[in-house]
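Colleague: Could you put the model up so that we can go through a few spots together?

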Amino acid sequence: MSTKLQSLLETQAWVLADGALGTNLFSMGLKQGDPPETWNTAHPEKIISLHKAMIEAGADIILTNSFGGTRNRLKLHPGLEDQCFAINKRAAELAHQAIKESGKESVVVAGSMGPTGDLYEPIGPLSIAEGAKAFAEQAQGLAAGGADVLWLETLSSLEEIQAAIQGAETTELPFVVTVSFDSNGKTMMGLSPTEFADWVRGLSKKPIAFGANCGSGTPDLAASLLAIGKQNQPDILVAKSNAGIPQYKDGEFVFSGTPEHMARYAVLMRDMGAKIIGGCCGTSPEHLKAMRDALERSPKGETPSLETIVAELGSLNLAKADKASRESRRGRRA
Ligand SMILES: [Zn+2]
């Protein structure tokens, strides 16, 4: 089965995924604490306009406004959980509408699926089967709305990844898995990039692509990708870093990365072997445009070493960004 994403991957040297939804929606008036998914019905025109801005900036893949769209997460807001299927279906429909209006029919709609917010047994209350059920409902809504691929992101434990994959597999859609390594080079649940990569490579039905997203800044994301990719495997790797480090200021998260910084990051990720490159929290259409321009302008270079990454992007942030990053993710995609 050749999907829309597969044909992009076969015909392009690199594929640009989009930037943040949450951060940009806050700048468009979304209130801290309000679920971004409610805007799928309350302000569909704003969601469409943000998608169109990302497409205009050069995104080949756009992620739907459904990151927090599992029933478990929606139930924090009375009345929303029973709209789970509809919210996710609508999210995919709005992305398609934006593509139609922009006239770039090759753009891929990726159905975003983020953590349920609950931890898994034995540490937390959720069994893998319960997690899978929650993800399945979301996946089916996204599929009904026409998502081309399911995008399982910001995950942090093998149990959570298994649940998300099982949920995704209740549809016919291919899926992508990305993990957030934001705690001293590991996920907050202690999963390392190599453990994650080895586990994925052992799956009978593998994701179409896998890698890292969000996290503690571009140098750290680069380091985790270096660890994931070093085994010289033909994997399709994803790099979707935050635009710098989240810092909590005056009631909101702000990100330190400039468009120029994200442009350097994008080129280094490409040279390192990432095939799908994008931004996570803090990445605006302006950042994305700078990334696309830089990728188009600069010929492919040698695989950078960790020393080159640090020289170009700055030193590893590791623990210093832990707390802010965790708070940012635990709340909402910021
Ligand atoms: Zn993020």
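Colleague: Which way does helix 9 pass helix 10, left-handed or right-handed?

Modeller: The crossing of helix 9 (residues 193-201) with helix 10 (residues 218-229) is right-handed, where a crossing is right-handed if the near helix is turned clockwise from the far one by less than a right angle, and left-handed if anticlockwise. Helices here are DSSP runs of H or I with at least four residues, strands are runs of E with at least two, and both are numbered from the N terminus. Please keep in mind that this is a predicted model, in which local features need pLDDT of at least 70 and side-chain atom pairs count only at pLDDT 80 or more, while totals for chains, interfaces and linings use all residues. Residues are numbered from 1 along each chain as its sequence is written, and side-chain values use heavy atoms, with hydrogens and water left out.

Colleague: At what angle do the axes of helix 9 and helix 10 cross?

Modeller: They cross at roughly 40 degrees and come within 8 Å; the axes are lines fitted to C-alpha atoms, for helices over the stretch in contact, and angles run from 0 to 180 degrees between N-to-C directions. The two helices are therefore oblique to each other, since angles under 35 degrees count as roughly parallel, over 145 as roughly antiparallel, 65 to 115 as roughly perpendicular and the rest as oblique.

Colleague: And which residues meet there?

Modeller: From helix 9 there are P193, T194, F196, A197 and R201, and they meet S224, A227, I228 and G229 of helix 10, with contact meaning heavy atoms within 4.5 Å. By class, that contact has five nonpolar, three polar and one charged residues, where Ala, Val, Leu, Ile, Met, Phe, Trp, Tyr, Cys and Pro count as nonpolar, Asp, Glu, Lys and Arg as charged, and the others, Gly among them, as polar.

Colleague: Staying with strand 6, where is phi of C214?

Modeller: C214, which is found in strand 6, has phi near 60 degrees, a positive value in a residue other than glycine. C214 is also buried, with a relative accessible area of 5%. T154, in strand 4 (residues 149-155), likewise has a positive phi near 60 degrees, and T154 counts as buried at 2% relative accessibility.

Colleague: Changing topic, which residues does the cis peptide bond join?

Modeller: That bond joins E121 and P122, with omega about 0 degrees, and P122 sits in the loop between strand 3 (108-113) and helix 7 (128-144).

Colleague: What about T70, buried or exposed?

Modeller: T70 counts as buried, at 0% relative accessibility, and its place is the loop between strand 2 (61-63) and helix 5 (71-74). Leaving aside neighbours within four places in sequence, T70 is in contact with C84, G114, P115, T116, A134, F135 and Q138.

Colleague: And A20, what is it in contact with?

Modeller: With the neighbours within four places in sequence left aside, A20 is in contact with L50, M54, G279, C280, C281, G282 and T283. A20 lies in the loop between strand 1 (15-16) and helix 2 (22-27) and is buried, with a relative accessible area of 1%.

Colleague: Last one: what do the buried residues of helix 8 pack against?

Modeller: They pack against strand 3, helix 7, strand 4, strand 5 (175-179) and helix 9. The buried residues of helix 8 (residues 158-168) are E160, I161, A163, A164, I165, G167 and A168.

Key: Buried means under 20% relative accessible area, exposed over 50%, partly exposed in between (1.4 Å probe, protein chains only).
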